[in-house]
Amino acid sequence: MKHLLKASMIGLFAMLITFSTFTAKPLDTQAAGSLNIEAESAILIDANSGEILYAKNPDLTLPPASMTKMMSEYLILDAIEAGTISWDTTTQVSDYPYAISANKDFSGTGLTQDKDYTVRDLYNAMAIYSDNAATVVLAELVAGSETEFVKMMNNKAEEIGMKEYKFVNASGLANSDLGDKRPEGTGANDDNLMSARSTGILAYNLIKDHPEALEVAGTTQTEFDGKKITNWNWMLPNMPGYLEAYGYEGMDGLKTGHTDAAGYCFTGTAERNGQRYITVVMKTASEEARFQETAKLLDYGFNQFEQTELYKAGTEIKDHESISVAKGKEDTAAIATKDAITTSVKNGEEDKYHLEFKVDEDKLNKDDELVAPVKKGDKVGTATLVYDGDDLGNINGGSYTVDIVASEDVEKSNWFMLTLGAIGDFFSGIFTSVADTVKGWF
């Protein structure tokens, strides 16, 4: 392994260290082609590291249909976490969502008015049965109106780094289906839009920030208002009746979608032995096809990659395990990775990876030194996992990185020692200047 880190007694410190190791990551192009994913757009993501393992037209924007509801789920779970609503909060159905619920062409459970519904019941109807009206009721509860909720949706998309997206309503229906009741400021013929990449970003952040979303998304059947409702995700294990044949080991989410414009879409996620993948397929040909193409992606992930911890948390940076420190009782501070580095390692590609280390410029003085005191655990930079091949990138928009931290305390030197050091530096400068002058005489 090779490391590169320049340091000197005066603290000259390079920002980049590179050394080889073994790790994991993307697939090669030929392998991707052999998958033959029959969808307009698709993506496969390592849910731990965010590494993209397969992509087909990932930036093409398409209507996501009810996969839109993942953003609605996100904001509702945010509101519950913030305490503005709770699972037991009750609300009633206004005229607008009631009209949606009464439309037999839309997915729904048949909400009634003049009845209290809990947030938990409405969330179940939305996440399990893709109930459009329940989604609007929750949007009105959280934001006061669907118009304001749509603003929150777009703001959240920007916050989590989605690039290709447009939210115009909370449910995923086309605005043409909503008529004059569509959110203010949106067009009569507008539709929600997302790319497979942006949908993957949404799913990745949703389950990272709110893992409880999977508890509901993984529910096969539940009771709602005296009726049994069944999940539209046929890939869940132990689905009832003939749907059991579509079950996929480890599947526990996330959201289906279908409109005439969107075709059949699905964002799936499955976990086996601590290895989780996220998939998105958009505009497949049939209800069955969206699950068949998802199974291809997941099989590729589970069969061709292995989840591997490359570095344990607190692993010191060998060969160059310290950084120069100014004004400290010690001249250097040991550094280490803060968190473990774990990702999917593709079979046979263990030698194609290395790490690059970068020290945060705002942590250094003009001589590229840390300044005492330095506390154990202080962040001093980042370590980035780099693939020496056809890199498909990371769903977070950059690369898989972890923090580098100081692994020991360095106390500030006392005033006497600092004064002696300053005097030494002063006379050293004078002697150097005199020596240079005398040298010039000869």
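Guide: The structure, a predicted model, holds 17 salt bridges. One of them joins the side chains of K115 and D225, at 2.0 Å from N to O. This pair links distant parts of the chain, 110 residues apart: K115 is in the loop between helix 3 (95-102) and strand 5 (117-118), and D225 is in the loop between strand 8 (221-224) and strand 9 (227-230). K115 is partly exposed, with a relative accessible area of 31%, and D225 is also partly exposed, at 31% relative accessibility.

A second pair is set within a helix. The side chains of K151 and E148 meet in a salt bridge of 3.1 Å, N to O. Both residues lie in helix 6 (residues 146-159), 3 residues apart, about one turn of the helix. An α-helix has 3.6 residues a turn, so residues three or four places apart point the same way. K151 counts as partly exposed at 45% relative accessibility, as does E148 at 35%.

In a further salt bridge, between D360 and K379, the closest N and O atoms are 2.5 Å apart. This pair again links distant parts of the chain, 19 residues apart, with D360 in the loop between strand 17 (353-359) and strand 18 (370-371) and K379 in strand 19 (residues 379-387). D360 has 18% relative accessibility and therefore counts as buried, the cut-off being under 20%. K379, at 29%, counts as partly exposed. Salt bridges with shared partners also join D78, K156 and E159 into one network.

Definitions and conventions
Residues numbered from 1 in each chain as written. Predicted model: local features only at pLDDT ≥ 70, side-chain atom pairs only at ≥ 80, totals over all residues. Heavy atoms only, no water. Salt bridge = Lys/Arg side-chain N within 4 Å of Asp/Glu carboxyl O. Helix = DSSP H or I, 4+ residues; strand = E, 2+ residues; numbered from the N terminus. Buried < 20%, exposed > 50% of the residue type's maximum accessible area, 1.4 Å probe, protein only.
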